[in-house]
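Hi there,

Here is the structure I promised to pass on. Have a look, and my notes follow below.

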Amino acid sequence: MRTLWHLWLLIGCVGILLGCEPKGDELADLKDGQKLHQDCVRLMEQFPSGEISKQIWPRSIRELKPIRVTREPNNIRILIKQERGKFTVGYDVFANLQLSPPTQGVWVQKTKTRGVYIFKQY
């Protein structure tokens, strides 16, 4: 009986661990959100709207392994994952801490760093 209980406990623990793995449309926690924010503010000061070349991404962005980085009118958009017809996931980083991403048609989540948001489009 005791062995059976241990087996069920082990199965339960494995199930919990598997349930904690990020899904394809989820992002891992930011390691240094402050540095990311600082670097994105610098990019906003240097570049007009449009795609930012991979060769000039700062380390804080490169570590995220993005697909694309774009200078938007009020923010830097960092596209991390995309599965055509299913989802698009990434970060929106705002220099102005009073601004936040629009929520129409987009799921938005605050991160621990002010001005940095996760976005998901389905």
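Helices (H or I, at least four residues) and strands (E, at least two) are DSSP runs, numbered from the N terminus. By that count the chain has 3 helices and 6 strands, in the order α-α-β-α-β-β-β-β-β from the N terminus on. This is a predicted model, where local features need pLDDT of at least 70, side-chain atom pairs count only at pLDDT 80 or more, and totals for chains, interfaces and linings use all residues. Residues are numbered from 1 along each chain as its sequence is written, and side-chain values use heavy atoms, with hydrogens and water left out.

Let me begin with the helix α2. It covers residues 33–46 and spans 20 Å from its first C-alpha to its last, close to the 20 Å expected at 1.5 Å a residue (the expected span is 1.5 Å times one less than the number of residues). Its buried residues (under 20% relative accessible area, 1.4 Å probe, protein chains only) are G33, L36, H37, D39, C40, L43 and M44. Their cover includes α3 (59–62), β2, β3, β4 (87–94) and β6 (116–121).

Now the strands, which pair if DSSP finds at least two bridges between them. Strand β2 (residues 68–71) runs antiparallel to β1 (residues 50–51), with 2 bridges; G50 has R71 as its bridge partner. On to β3 (residues 75–83): 4 bridges join this strand to β2, again antiparallel, and T70 stands opposite R77. The two form a hairpin with 3 residues between them.

For the whole chain, 34% of the 122 residues are buried.

Best wishes

Note on methods:
Buried means under 20% relative accessible area, exposed over 50%, partly exposed in between (1.4 Å probe, protein chains only). Contact means heavy atoms within 4.5 Å.
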